[in-house]
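Hi,

Here is the structure I promised to pass on.

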Amino acid sequence: MSIDLKQLKYFLAVAEEKSFSRAAERLHISQPPLSQQIMKLEAELGVKLFARTTRSFELTVAGRALMNEAAELLAKMRMTIDTVRQIDRGEVGRLRVGIVGSAMWGPIPSLLEEFQGKYPRVTWTIHELGPTVQYEALRAKQIDVGFWREPRLDETDLKNDSLRQELCFRENVCVAVNEHHPLAKQEAIELTDIADEPMLTLALDKSAFPRYLLQCCVNAGFEPAIFQEANEPQTLLAMVGAGLGVTLMPETTSRIGWPGVVFLPIRTNPPSANLYITYTTTDDAPVVRAFLNILRPPER
């Protein structure tokens, strides 16, 4: 048996119009091909679909049954086609976003708000992970995109793992000091001004970013005296607020009011806290494409 959707579409038109001529006009075809398709459909099914007399044109019992089934089938097919097209446009699906914690103090929340507004049928989840864990999660396809800071991955590693990394937001590092610290009243400082201060840093074995910051101190002319390491930025800021030392943080951190903490710009050669997005290049994921379009519109 070979019945196609076009035959069902033609049958429904005739059934609803109760006229071959009106159905042909509605379908924008001539009447003979329409009659031939209906006859072919009846032959395939082995039943009469219409009871034709000189005065009436009615559906048979089989015709009425087919009309209900065909209407549901075509409606479902239209919905399926619409859904497939929405998926291809990235309007339906799931997006798993990996981030470093400090990224949520910057532009990421407003980016996600914009994405949700334009793609309300996409389900997205946030996974707060360090860069190393994000990198492995991307390779294992456990997340779809990852956000972390300087320095970038090696180009060879990116190519070997079919990943692409793009700069999405530029930002500098600042110094967080206790509000009673002598430096706190200055508008900006040099990195060397904290050379003798106890340094609080993110865990050096979790990410390249804190190691990069320490190297920036060395490049400025001093070896920082590390007092404590912590896994979360807010832990470091709590220790700064308690007067236990100073720490280096992305400037967007200052958007949040931290009790007892003052954030000071670095006047000369501030370290970079640029935010990068990383994603796989092996899968043509429409939802990821849609997210990237939000992230990098022409005017941004």
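A quick definition before the details: a residue is called buried when its relative accessible area is under 20%, exposed when that value is over 50%, and partly exposed in between. Please also keep in mind that this is a predicted model.

By that cut-off T252 counts as buried, because its relative accessibility is 9%. You'll find T252 in the loop that links β10 (246-250) to β11 (261-265). So who does it touch? If we skip the neighbours within four places in sequence, T252 is in contact with S102, W105, G106, R149 and E171.

Now for the surface. There is a nonpolar patch made up of L5, L73, M77 and I81, and together these residues have about 290 Å² of accessible area. Helix α4 (residues 61-88) gives the patch its largest share, three residues. M77 sits in that helix, α4, and it counts as partly exposed because its relative accessibility is 30%.

And the chain as a whole: I get 10 helices and 12 strands. There are 300 residues, of which 44% count as buried. The chain exposes about 16400 Å², with carbon and sulfur atoms supplying 51% of that area. As for contacts between residues at least 6 apart in sequence, 74% of them join residues at least 24 apart.

Cheers

Key: Residues numbered from 1 in each chain as written. Predicted model: local features only at pLDDT ≥ 70, side-chain atom pairs only at ≥ 80, totals over all residues. Heavy atoms only, no water. Patch = residues over 30% accessible without salt bridge, like charges linked within 9 Å, V, L, I, M, F, W, Y side chains within 5 Å. Areas by Shrake-Rupley, 256 points an atom, 1.4 Å probe, with all protein chains shown as cover. Salt bridge = Lys/Arg side-chain N within 4 Å of Asp/Glu carboxyl O. Helix = DSSP H or I, 4+ residues; strand = E, 2+ residues; numbered from the N terminus. Buried < 20%, exposed > 50% of the residue type's maximum accessible area, 1.4 Å probe, protein only. Contact = heavy atoms within 4.5 Å.
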